[in-house]
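Please open the structure in your viewer and keep the selection panel at hand. The tour moves from one selection to the next and says at each stop what is there.

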Amino acid sequence: MTPERPRRPQNLQLRSVLAGEAAAAAAEVETALSTPADSTSAAFFDVDNTVMQGASIFHLARGLHRRQFFTTREILGAAWKQAYFRVVGVEDPDHVADARSSALGFIEGHTVAELEELGEEIFDEAMAHRIWPGTRALAQLHLDQGQRVWLVTAAPVEIAQIIARRLGLTGAMGTVAEHVDGVYTGRLVGDLLHGPAKAEAVKALAEQEGLDLSRCSAYSDSYNDLPMLTLVGDPCAINPDSRLRAHARAEGWRIRDYRTGRKAARTGLVLGAAAGAFSGAVAAGVALRRRR
């Protein structure tokens, strides 16, 4: 008897589409009952190092660590694995599949209400003072012009929505974690909202809300967000990494840098390696469990 062959993992593009559609469906639209002055144009903002200094998932993970959701040894091990993948550039397919299947596993068994409550606390203690005033002013400019403004981030959608609500934005799209009866299962809907998945989320929301993407704007610091940036008629690089800065200059895009020269250099060298690896490890979702 021939043994049953293991099921092949879903195609990456399909995962991106599923993640994008889930994020668009979960987008919080606070102005749903009113008609915006400019109903066909909007602005989309990445969060990490675009709206907020540093990585939101890092601040979330640190806040959860303080609340004993996982141990220091566990998170350091996760950071090392992600850093190894980034430096070597070769990822074991089994490890990648395991990472995807357990992404955001540290919230498994917890309730949506619990994460939202803790997210509010963590925003106040670790994120509020890290918002870039210049980026916030740009978002407010779009709102003043009667346009809607959404955040688009790989962070959990519940945290993204807290940030959007605190900044007075329309809503947010983020990574959607599966939950049943208000309790997280530890699995994702689709994949992390990263790279191509962000573009899929924007396209799905544009269709849902009747937006003309040629009249929309998008903002990011990362070359990884080119799929989203190239969707719109008005892309802008904010605090860009070196690859995005070069691309933006070549294409004649707007560039805004709210860092000092020293801070910009430190951000490019240090955050791209250390904090990027750490936050990426958490977002990649090594299954971390709360110590009971």
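The largest cavity has a volume of about 50 Å³, where a cavity is a set of points on a 1 Å grid over the protein atoms alone at which a 1.4 Å probe fits but cannot get out, and where the volume is the space filled by probe spheres set on the points, with points joined across faces, edges and corners. A search of the whole structure finds one cavity of 30 Å³ or more. This is a predicted model, in which local features need pLDDT of at least 70 and side-chain atom pairs count only at pLDDT 80 or more, while totals for chains, interfaces and linings use all residues. Residues are numbered from 1 along each chain as its sequence is written, and side-chain values use heavy atoms, with hydrogens and water left out.

Helix α6 (residues 133–144) gives the largest share of the lining, three residues; helices (H or I, at least four residues) and strands (E, at least two) are DSSP runs numbered from the N terminus.

Next, turn to the aromatic rings. The structure holds two aromatic pairs, a pair being rings of Phe, Tyr and Trp (its six-membered ring) with centres within 6.5 Å, called stacked if the planes are under 30 degrees apart, edge-to-face if over 60 and tilted for the rest. Select phenylalanine 44 and tryptophan 150, whose ring centres are 6.0 Å apart and whose planes meet at 15 degrees, so the pair is stacked. Because phenylalanine 44 lies in strand β1 (residues 42–45) and tryptophan 150 in strand β2 (residues 148–156), the pair ties together parts that are 106 residues apart in sequence.

Then select phenylalanine 45, which forms a stacked pair with tyrosine 219, at 4.2 Å centre to centre and with 5 degrees between the planes. Phenylalanine 45 lies in strand β1 and tyrosine 219 in strand β6 (residues 217–220), so this pair joins parts that are 174 residues apart in sequence. Both phenylalanine 45 and tyrosine 219 are buried (under 20% relative accessible area; exposed is over 50% and partly exposed lies in between, with a 1.4 Å probe and protein chains only).

Four bridges join β6 to β7, which run parallel, and strands pair if DSSP finds at least two bridges between them. Select alanine 218 to find its bridge partner in β7, proline 235. Three bridges join β7 to strand β8 (residues 254–256), again in parallel, and alanine 237 stands opposite isoleucine 255 in β8.

Note on methods: 1 Å grid on protein atoms, 1.4 Å probe; cavity = no way out; pocket = protein on both sides within 12 Å on 5 of 7 lines; lining within 4 Å.
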